[in-house]
Each structure stands twice: as C-alpha cells, then as structure tokens.
Amino acid sequence: MGDYHFVYKDVEGASTQWDDIQRKLGNLPPKPPAFKPPAFTPAPDPESLPRDRNWLEQKTEEELEYLQDDPDLDDDRFLEEYRKKRLAEMRESAIHPKFGSVNPISGSDFVREVSQAPSDVWVVVILFKEGIPECELLMRCIEELATRYPGTKFVKIISTDCIPNYPDRNLPTLLVYNNGAVKANHVGLRSFGRRCTPEGVAFVLCQSDPVLDDGQNKSDSSRKSVIESVRRKIIEKVVTEHEDNDDGSSSD
C-alpha cells in the first residue's frame, strides 16, 4: 500500500499554536495582519451635489442642453447664464478646433493629419532635419506663430520621412495645405526675408490666403487682421531697434 501525504490548509491568516510560540521566541517574523477589504463608500449622487459652477463644468454638452428646461436654473440667473456660456464655448470649440503648438508627425500620419484635416482648417507643414541652422531658425518662428494662432494647425516632419530622398539643400521647406490640397510651398528661407522673423513668416503665409487663424476670426477678415497685426509688429520692432541704436550711439 502506497504512502499518502495529506496537506492540511487552515483558514487564510490563521496560525498554529506552535507558530505563536516560535514568534514569541523570535524564531519567526511577526504574523502579517489579516486582510480587511476597504469600507464601501458609495459614489455621491450627482443630483445631491451643490449646484454651482463646478457642477456645471462637469456636465457634457448634451447634459447642458437638457438643463435648458430645468426649473431650478430658471430661478438662478447666474447659473443659467453660466450654463449658456459653457454651452457656447463647447460648440465654438467643436467648430473651431484649437491647436497651439507644432505637432511632430511621421510619414504614416501625413494623410490623416494633413490631407484629411477638416476643410476649414489650414495646415502648415515644416519639412526639416536636425542640425541644420536654417531649419532651427524657421522652427523658432513657426513655434511662436503656432502659439499666437491656435486656430491654424502646425506640424513638423523629417523631410525624408515625408518625401524619400528629399535633398537637404531644399531645407527647410514649408507646405501649406487646405481642404486636402497644397495651396503654397516655400523652399528655403529666401521667401521670408534676410532676417526670417515670425512677423515676416506670418506676412508671407497670409499674402494670398487666410492661413493664420487666431481662433476668433475667419476667412478674408482673418487675413486682413493678421496682415495688419504683422505690419504693426514690424513697425514696432523697427522703432525699438532704432531707439536702441540711438541710445547706444549717444553713450559713446
């Protein structure tokens, strides 16, 4: 008859009298505390939350629309006005997407991010390579314009990821897209003047199309306002540099 070995397993967390004696003698580590599940805390009822700005900010667009017929909001002018403001902001954001930075993309992203961008969004693509001073100069200008005009989509892509064997002598290159088509291309820095400033780049981009969008204006009025703003900044910069030169010459 074969040997049978039985293993007895006690309730989890329990210990034998022998283990307890050994722990008192210091031969075994202290017994770990028995597991206790955390106390159940029910989630707060959304309807029990105080009705204030924070309460409205957690609502979706559909929920805000539903609250239009809420009698309690009719009695609170502040909340009703804030509800309308939040709803308008959500709708505006859906119509006019905000970007605000130069987003890096790869070759596989190009169609989705550029060619298939919404028809009312202008996309500025900079083809570049690391270590080329001209690319770094134009990139700084583009980064500033991206923050200044968040309604325009700016992306950057390594030139050979976009166009295989694209020659480095053509870098940097700016491509302007709208509604799936190339509207303009600028090879090198010669298009942007000798100094290549953000104002100069903005002026060139908006000469024929309303490329730059600050998220407020649209269409031709946007183009005119951008060009006027660029002209004003150029004049201010020229005046400032002239005053600085006068100060420097008078101190000699």
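1. Helix α9 (residues 198-205) is mostly covered, with seven of its eight residues buried, where buried means under 20% relative accessible area, exposed over 50% and partly exposed in between (1.4 Å probe, protein chains only). The buried residues are P198, E199, G200, V201, A202, V204 and L205. Helices (H or I, at least four residues) and strands (E, at least two) are DSSP runs, numbered from the N terminus.

2. This is a predicted model, in which local features need pLDDT of at least 70 and side-chain atom pairs count only at pLDDT 80 or more, while totals for chains, interfaces and linings use all residues. Residues are numbered from 1 along each chain as its sequence is written, and side-chain values use heavy atoms, with hydrogens and water left out.

3. The sheet is open and has five strands in the order β1-β3-β2-β4-β5, with mixed pairing; two strands pair if DSSP finds at least two bridges between them. β1 (102-104) and β5 (181-187) stand at the edges, and each has a single partner strand, so one side of each lacks a neighbour in the sheet. On average, neighbouring strands of this sheet are turned by 25 degrees against each other, direction ignored. Axes are lines fitted to C-alpha atoms, for helices over the stretch in contact, and angles run from 0 to 180 degrees between N-to-C directions.

4. β2 pairs with strand β3 (residues 153-158) in the parallel sense over six bridges. V155 in β3 is the bridge partner of V125. Helix α7 packs on the sheet and touches β1, β2, β3 and β4, and its direction makes about 160 degrees with that of β2. Helix α9 lies across β2, β4 and β5, running at about 45 degrees to β4.

5. E130 lies in the loop between β2 (122-128) and α7 (133-148). E130 is exposed, with a relative accessible area of 69%. From C-alpha to C-alpha, E130 and I158 are 8.3 Å apart in space, and they are 28 residues apart in sequence.

6. S159, in helix α8 (residues 159-162), is buried, with a relative accessible area of 0%. Leaving aside residues up to four places away in sequence, S159 touches L127, F128, K129, Y166 and L171; contact means heavy atoms within 4.5 Å.

7. A search of the whole structure finds one aromatic pair. The ring centres of F110 and Y177 are 5.7 Å apart and the planes stand at 75 degrees, so the pair is edge-to-face. Rings of Phe, Tyr and Trp (its six-membered ring) pair if their centres lie within 6.5 Å; planes under 30 degrees apart count as stacked, over 60 as edge-to-face and the rest as tilted. F110 lies in helix α6 (residues 110-115) and Y177 in strand β4 (residues 173-178), so the pair ties together parts that are 67 residues apart in sequence. Both F110 and Y177 are buried.
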